[in-house]
Amino acid sequence: MATVLYARVSTADQTLDHQRSQAEAAGFHLDHVVADHAISGVSTRLVERPEGRRLFDLLRAGDTLVVRWVDRLGRNYADVCDTIREFMRRGVVVRTVINGLTFDGATKDPMQQAVRDALIAFMAATAQAQAEATREAQRAGIEHARAKGDGYRGRKPSYTRAQMAAVQDMLGQSVGIAAIAKATGLSRQAIYRIKDDPAAAEAALATWGL
């Protein structure tokens with residue numbers, strides 16, 4: 001029985017080394033690491049990703065699939081739900097680093113199955129909602145910067161686009177402000193600015209061409 005980490009690398013703060021280190025720090029002993037780079041988790045299904053396809057060939061009954069959180073599998077509600085359930089049908093155990101959740105097909109009790117499936121659905125919906133909110137903030141920020149068009153750019157943001165994406169990712173998973181500050185190297189004030197007005201935070205990046 002093998003333990004396989006799947007990583008989707010989408011921002012500078014979510015490098016492969018970072019995700020692997022988090023998994024190992026959480027106590028996982030990894031036999032294999034599979035990673036996709038710069039793949040949209042909203043529009044591209046896991047099975048359509050180069051290394052995502054490899055997972056379906058690699059994993060066998062009794063194996064454990066480790067992911068940082070379910071958004072590494074995708075940010076489309078139906079895709080994430082279908083993917084986790086397909087792995088469970090194959091006898092694969094899916095475990096998350098964040099929150100230490102475990103999804104498997106071991107239970108035969110209908111009430112426990114219902115609670116498990118509801119949690120999967122909730123997490124998948126949260127992942128898609130966060131992705132859509134981030135995309136909308138980016139669109140609003142760019143439009144705001146274009147509309148302003150007066151040459152005044154204000155203070156240069158203290159965060160990069162990758163850091164902003166990482167902050168929004170962790171906020172969507174209810175990670176605390178202090179933990180986010182430690183993980184990203186940003187001040188709490190910068191994190192609150194991103195949290196309280198993501199459109200303005202995106203506008204600042206767009207105005208500075210970052």
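Predicted model: local features only at pLDDT ≥ 70, side-chain atom pairs only at ≥ 80, totals over all residues.
## A helix across the sheet

Helices here are DSSP runs of H or I with at least four residues, strands are runs of E with at least two, and both are numbered from the N terminus. Contact means heavy atoms within 4.5 Å.

Residues are numbered from 1 along each chain as its sequence is written, and side-chain values use heavy atoms, with hydrogens and water left out.

## The whole chain

The protein chain holds eight helices and five strands. From the N terminus, the elements run β-α-β-α-β-α-β-β-α-α-α-α-α. Of the 210 residues, 42% count as buried. Buried means under 20% relative accessible area, exposed means over 50%, and partly exposed lies in between (1.4 Å probe, protein chains only). Among contacts with a separation of 6 or more, 69% come from residues 24 or more positions apart.

## The order of the strands

Two strands pair if DSSP finds at least two bridges between them. Strands of a sheet pair through backbone hydrogen bonds, either parallel or antiparallel.

## Strand β1 and its partners

Strand β1 is mostly covered, with seven of its seven residues buried. T3, L5, A7 and V9 point one way, while V4, Y6 and R8 point the other way. Six bridges join β1 to β2, and these two strands run parallel. V9 has H37 in β2 as its bridge partner.

On to β3. β1 (residues 3-9) and β3 pair in the parallel sense over three bridges. T3 has T64 as its bridge partner in β3. V4 stands opposite L65 in β3.

Strand β3 (residues 64-67) pairs with β4 in the parallel sense over four bridges. L65 stands opposite V94 in β4. Together, β3, helix α3 (residues 77-89) and β4 make a right-handed β-α-β unit. Right-handed means that, with the strands pointing away from the viewer, the path from the first strand over the helix to the second runs clockwise.

Which residues of β4 (residues 93-96) lie on its covered face? They are V94 and T96, while V93 and R95 lie on the uncovered face. Two bridges join β4 to β5 (residues 102-103), and these strands run antiparallel. R95 stands opposite T102 in β5. The hairpin of β4 and β5 has five residues between the strands, and N99 takes a positive phi near 75 degrees in this hairpin.

## One aromatic pair

The count comes to one aromatic pair. F56 and F87 form this pair, which is stacked, at 4.8 Å centre to centre with 20 degrees between the planes. The pair links distant parts of the chain, with F56 in helix α2 (residues 50-58) and F87 in helix α3, 31 residues apart. Rings of Phe, Tyr and Trp (its six-membered ring) pair if their centres lie within 6.5 Å; planes under 30 degrees apart count as stacked, over 60 as edge-to-face and the rest as tilted.

D169 is found in helix α5 (residues 161-172). D169 is buried, with a relative accessible area of 6%. The side chains of D169 and R68 are joined by a polar contact of 3.1 Å. A polar contact is a pair of N or O atoms within 3.5 Å; within protein, one must be able to donate a hydrogen and the other to accept it, and residues adjacent in sequence count only if both atoms are side-chain atoms.

V175 lies in the loop between α5 and α6 (177-184). At 21% relative accessibility, V175 is partly exposed. V175 touches M170 and I180, not counting residues up to four places away in sequence. V175 and N99 are 76 residues apart in sequence, yet 9.9 Å apart in space, C-alpha to C-alpha.
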